Amino acid sequence: MADLKVQIIQQLNLQEVKPEDIGNDQPLFKEGLGLDSIDALELIVLLQQHHNIRIAKPEDGPNIFYSVRTMAEYITAEQNKTA
Amino acid sequence: MSGNVWIAGGGVISGIGQNLGQCMAAFEAMQPGMEKMRHLQSVHAGTFPVAEVKADNEELARKAGMPAHWSRTALLSMLAAKEAWQSAGLGDISQYRAGFVSANTVGGMDKTEDFMKSFLDNAASGRLRHVVHHECGAVTELVADALGIRHHVSTISTACSSGANALMYGARMIRAGMLDVVIAGGTDSLTRFTLNGFNTLMILDQQPCRPFDDTRTGLNLGEGAGYVVLVSDEIARKIKPWCRISGFANANDAYHQTASSPEGIGNFKAMEGALKMSGLAASEIDYINLHGTGTQNNDSSEGRAVERLFAPSYPPLSSTKSFTGHTLGASGGIEAVFSAWALREGIIYPNANFTTQMKEVPFSPVTHFSKGHALRHVMSNSFGFGGNCSSLVFSKE
Amino acid sequence: MQQAYIQGIGCVSAQDNALFSGTVRQHEGNRLPVADPDYKQWIDIKQIRRMGRVIKMGVAASHISLEQAGVARPDAIVMGTAYGCLADTGVFLNKLVTQNEDMLTPTAFIQSTHNTVSGQIALMLGCHAYNNTFVHGAFSLENALQDSLLLLAEDPSKQILAGAVDEITDYSHNILSRFRLYKNASTQNLLQSNTHGTIAGEGAVFFVLGAEKNERSMAALTAVEMLYNPASEKETFAHIAKFLDTYGQPDLLLAGRNGDTKNDAYYAAGEEKLFAGVPVAAFKHLCGEFPTAAAFAMWMAAGVLKNGAVPAAAMFKGKAPAAPKKILIWNHGGGKHHSLILLSAC
């Protein structure tokens, strides 16, 4: 999950945010880290670039990207599917 | 700062026809212009249908009397602007204080894309003639020069509301007594830049778009150009104008860079402002040409703003983007031509592909072409990125 | 024509306010970048992460002007930009080509549209008012000003935020250099260089314009005129002569001289024919050449009118007038676009 946090910070250009500032279960959107719908689209590309996972429906985003943990679990599940 | 501004004529080229007559025939025959991409070269050609103008650059250039290596955006612009001027029957343009206000969103980007391929390999390569018209204003000037317009030339770029803002600016210059006639509208050709841009936002539909339908999943891009000829009272007396531009307003949603506020604050303010200027009550509008892109967000925001202004009784309304696709900077111009022509001919345009009532709003769009209505006032909406929202009202007299 | 009062100005350029007390930022090369302020003064960290430099420049300049004018939320936002958001356009184009239209991200695309700056300003201010962006080369600023004057004529109670932005990027500089537009020169020697080429510039300037004079008014914007594609020098000079008949001779001509022989010859001929005895100052050696550079000239002219003194570094010909009352900016782009902007003391 530490690697994933670094990827998120880079992809979203979260200036002055360090990986340790993001809690594993902290909500990424709105009141949590304050991300918005454009960030959700950026995260979809992050999954594609770094993890070779394509999300076809943007409406799946809110569940997958709820927190770093939900993202990591989704990545693991998807990779097991293809393995 | 007084007097009326009239629509003396109009011209349009789009995915459903290379002139106004052909576009009308497509509406009447219920034939939308979306097809598999043929002229734009893109890896997404098999994925996203688009409403392309059904002609290659050589054919467009021949008809426009321009070189085929110029931006397609300029070729489309020339064809529609020429048709607009000819339809007005005002003769030699050099006898008037004439202006050309044209909108576009990416200038000569279609050529810049080609240039970049070579340039990124080697900064000393790429043909410079492909970037010389990159700027939005350069495209406008190619057409202004070809039309022989010198008194005023300008370009507006406010994303998808650009064309409507061009009409507003032109009308205001006439009202201020600065110009006698203004050809105003917009142009945009399809580019990989915009296609891929909208794709990153995941708002392109892989099926024909379904504006104001509950099953809508996005927009189809289109291309084209549309211009009206705006004239002062004095010039209008010499001809039989189509109608008058009686109200307009530009407002900003100030909610998000790309998304509309759920309740459509900017949309509401634009429509309300245009109505106020025209001195009309909402109930006097006889037809609304909706912005209606077919995205979840636009149609629900626009719909709620329409509801707030028009409830409980709604005029016939439709999105002609279900035929032309979303032509971006051109859409405000193209839809202004459709709206002004609707008043002249009593036409109500259909909304293609409608099957399912939207949950968010109590009304649904018109699904069949009809003419011969006694229309008095028509509204046209154009909303865009950056929160830019504009509405126009046209009146028969 | 409607006149307007400048109630506040924000300028992000290669110079700063020290110019008016005689301190010039000297540059050498073929590219004159703005002196970037710390943008976090005006933009919070959550918003700044997506903004390209030109957006930050525009937002900063708009904030400064609004603060000076004491206006929290203007009644219209009108701006001009010839090139728009070049950096983000370049990023998106680069990825489009190199990644063959795959795995592209939305941020650069969203930020690339020409109305990004005005939209961003409206968003940050929560401003639902009229919002417009002109993108017409060397007439971008001028149309924004003309639109503003029309808005004030239609409703004199309005306070309008008007301005212009343009940026240089590595791509744009590379490409424009291939058209042989630029040469190496210094702030001090550019105007006298008398060879082909000039130096590239960039900047963002915003004004708050109102129809009524108030205690914050710095100068009056008396007239804005554009002349497009004149058939000859003679036609241009006849146009300017007519303008001078209406508004009178200025105390100072602020000419768009940029050190390029052909460009400057046009001014030299006009100065001789139309402005005999009028002192001439210049501004492009201080800000570089770009299509909306006249906005920088307006910032300079307003500062001169307010302070009552012309910075020595700006003078090109004649003696600097003491406490000038009228300054005319004459700028042309390749002889095809001429603009006349008249500022008066108030």
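Tutor: From its N terminus onward, chain A of this predicted model runs α-α-α-α. Chain A has 4 helices and 0 strands. Its C-alpha trace spans about 35 × 25 × 20 Å along the principal axes. Among the contacts in chain A with a separation of 6 or more, 52% involve residues 24 or more positions apart.

One backbone detail in chain A deserves attention. Most residues other than glycine have a negative phi. Glu16(A), however, has a positive phi near 65° and is not a glycine. Glu16(A) is placed in the loop between helix H1 (2–12) and helix H2 (37–51) of chain A. It is exposed, because 11 other C-beta atoms lie within 10 Å and a residue with 12 or fewer is classed in that way.

Chain C, the part requested, has 11 helices and 13 strands. Its radius of gyration is 19 Å, close to the 20 Å given by the globule rule for 346 residues, so chain C is as compact as a globular protein of that length. Taken along the principal axes, the C-alpha atoms of chain C fill a box of roughly 60 × 45 × 40 Å. Of the 346 residues, 59% count as buried. Of the contacts in chain C between residues at least 6 apart in sequence, 80% join residues at least 24 apart.

The domain assignment divides chain C into domain 1 (4–218) and domain 2 (220–344). The C-alpha centres of domain 1 and domain 2 of chain C lie 21 Å apart. Across the boundary, 47 residues of domain 1 are in contact with 36 residues of domain 2. Strand S1 (4–12), helix H6 (140–154), strand S5 (159–166) and S7 of chain C each supply at least two residues of the side of domain 1 that touches domain 2. H6(C) gives the most to that side, with 6 residues.

The UniProt record, an unreviewed entry, places the feature "domain: Beta-ketoacyl synthase-like N-terminal" at residues 41–173 of chain C. Over residues 41–173 the chain is 53% helix and 14% strand, and the end C-alpha atoms are 29 Å apart.

Two loop positions in chain C can be set side by side. Gly201(C) lies in the loop between strand S6 (185–186) and strand S7 (203–210) of chain C. It counts as buried because it has 28 C-beta neighbours inside 10 Å, where 20 or more are required. Leaving aside neighbours within four places in sequence, the contacts of Gly201(C) include Ala14(C), Leu32(C), Lys284(C), Cys287(C) and Phe290(C). Gly201(C) and Leu221(C) are 20 residues apart in sequence, and their C-alpha atoms are 24 Å apart in space. Glu101(C), in turn, is found in the loop between helix H3 (86–98) and helix H4 (106–112) of chain C. With 15 C-beta neighbours inside 10 Å, Glu101(C) counts as partly exposed. Its phi is positive, at about 65°, although Glu101(C) is not a glycine.

In the largest nonpolar core, which has 266 residues, Leu167(B), Leu230(B) and Leu254(C) touch the most other members. Helix H11 (residues 294–307) of chain C contributes the largest share of this core, 11 residues. The core draws at least three residues from each of domain 1 (4–218) and domain 2 (220–344) of chain C. Beyond its neighbours within four places in sequence, Leu254(C) is in contact with residues including Ala281(C), Phe283(C), Ala297(C), Met300(C), Ala301(C) and Ile327(C).

At the contact between the two chains, chain B provides 49 residues and chain C provides 47 residues. Among the elements that each supply at least two residues to the chain B side are helix H4 (109–121), helix H6 (162–175) and strand S6 (243–252) of chain B. The side of chain B that touches chain C divides into 20 nonpolar, 21 polar and 8 charged residues.

Most peptide bonds are trans. The bond from Ala311(B) to Pro312(B), by contrast, is cis, with omega near 10°. Pro312(B) is found in the loop between helix H10 (296–310) and strand S8 (317–318) of chain B.

Conventions: Residues numbered from 1 in each chain as written. Chains lettered and ligands numbered in written order. Predicted model: local features only at pLDDT ≥ 70, side-chain atom pairs only at ≥ 80, totals over all residues. Core = buried A, V, L, I, M, F, W, Y, C linked by C-beta atoms within 7 Å. Domains from an automatic or database assignment. Contact = placed C-beta atoms within 7 Å. Nonpolar A, V, L, I, M, F, W, Y, C, P; charged D, E, K, R; others polar. UniProt positions renumbered as here; feature names shortened; annotations may be inferred. Rg over C-alpha atoms; globule rule 2.2 N^0.38 Å.
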